[in-house]
Amino acid sequence: MTQQALREAVVRANQEIVSAGLVLLTWGNASAVDRNSGLMAIKPSGVDYNDLTPGQIPLVRISDGAVAEGELKPSSDTETHLVLYRSFPNVGAVVHTHSHYAVCFAQAEEPIPCLGTTHADHFLTDIPVTRRLRPEEIEGAYENDTGVVIAELFSDGGYDAEPTPGALVAQHGPFAWGPDLRHAVENAIVLEEVARMAYHTCQIAPGVERADRTLVERHFFRKHGAGAYYGQQ
Ligand SMILES: [Zn+2]
């Protein structure tokens, strides 16, 4: 993908998360990487989504976070995105929002439980929640360490970024990702919708059990991996 195409795709994705109802004000950002050039394209800080143009999208070096191209300051969440790309080599795009129901689970410090096939079609596991950041992390390299607690959750918790393409940062909100922007945006939309469904399911039936593993695996692997058969192959 050319740098121009990468920047255009990042503009579209940032507008899609708004039109999908995931973002109020400027509470969200999408990024994507070109692994060949080692560059990340991300929303510039504080620019209205409707006014975004490809030329405004900063290109940031994944290795050290330096701005390689672009006049505008990259999103304040840039360091978090970079840690995710460094930690998850197969991830090509990241979406961060403050979508309502996902934030409610993050603030409650509860994972989004896998209760049915809507969830299982996209996430093989519960959508996990990180530990809280420590005071010295909040006062120090805050955005970097927001990424670190996600990476730590996956390495220590035995999660894999491919079958679990998203997580909640405690007292903050959701990050979703995928091999490309289309999948990352889709996973961000699914994450919010399954949070909403789980919230209401738990109201109808407090203490409801998680979906059967056999059902969850059947649904996930219909769409993912070597044995996938969903859709037009
Ligand atoms: Zn945020």
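**View 1. Helix 3 and helix 7 make a left-handed crossing.** A crossing counts as left-handed if the near helix is turned anticlockwise from the far one by less than a right angle, and as right-handed if clockwise. This is a predicted model, in which local features need pLDDT of at least 70 and side-chain atom pairs count only at pLDDT 80 or more, while totals for chains, interfaces and linings use all residues. Residues are numbered from 1 along each chain as its sequence is written; helices (H or I, at least four residues) and strands (E, at least two) are DSSP runs, numbered from the N terminus. Helix 3 (residues 100–108) packs against helix 7 at an angle of about 65 degrees, with the two axes 7 Å apart, where axes are lines fitted to C-alpha atoms, for helices over the stretch in contact, and angles run from 0 to 180 degrees between N-to-C directions. Helix 3 and helix 7 are therefore roughly perpendicular to each other, a term for angles of 65 to 115 degrees. Tyr101, Ala102, Cys104 and Phe105 of helix 3 meet Leu191, Glu192, Ala195, Arg196 and Tyr199 of helix 7, contact being taken as C-beta atoms, placed from the backbone, within 7 Å.

**View 2. Helix 7 lies across strand 1, strand 5, strand 6 and strand 7.** Helix 7 runs at about 145 degrees to strand 7. The 24 residues of helix 7 (residues 181–204) should span 34 Å at 1.5 Å a residue, which agrees with the 35 Å between its end C-alpha atoms; the expected span is 1.5 Å times one less than the number of residues. Among the buried residues of helix 7 are Leu181, Ala188, Leu191 and Ala198, buried meaning that 20 or more other C-beta atoms, placed from the backbone, lie within 10 Å of the residue's own.

**View 3. Seven strands form an open sheet in the order 4-3-2-1-5-7-6, with antiparallel pairing.** Strand 4 (67–69) and strand 6 stand at the edges with a single partner strand each, so one side of each is left without a neighbour in the sheet. From one strand to the next, the twist averages 25 degrees.

**View 4. Strand 7 (residues 173–178) is mostly covered, with six of its six residues buried.** Strand 5 (residues 93–97) and strand 7 run antiparallel and are joined by four bridges, strands being paired if DSSP finds at least two bridges between them. Val95 has Ala176 as its bridge partner in strand 7. Strand 6 (residues 166–169) also pairs with strand 7 in the antiparallel sense over four bridges, and here Val169 stands opposite Gly173. Three residues lie between strand 6 and strand 7 in their hairpin, where Gln171 takes a positive phi near 60 degrees.

Definitions and conventions
A residue is buried if 20 or more other C-beta atoms lie within 10 Å of its own, exposed if 12 or fewer, and partly exposed in between; C-beta atoms are placed from the backbone. Two residues are in contact if their C-beta atoms, placed from the backbone, lie within 7 Å. Angles under 35 degrees count as roughly parallel, over 145 as roughly antiparallel, 65 to 115 as roughly perpendicular and the rest as oblique.
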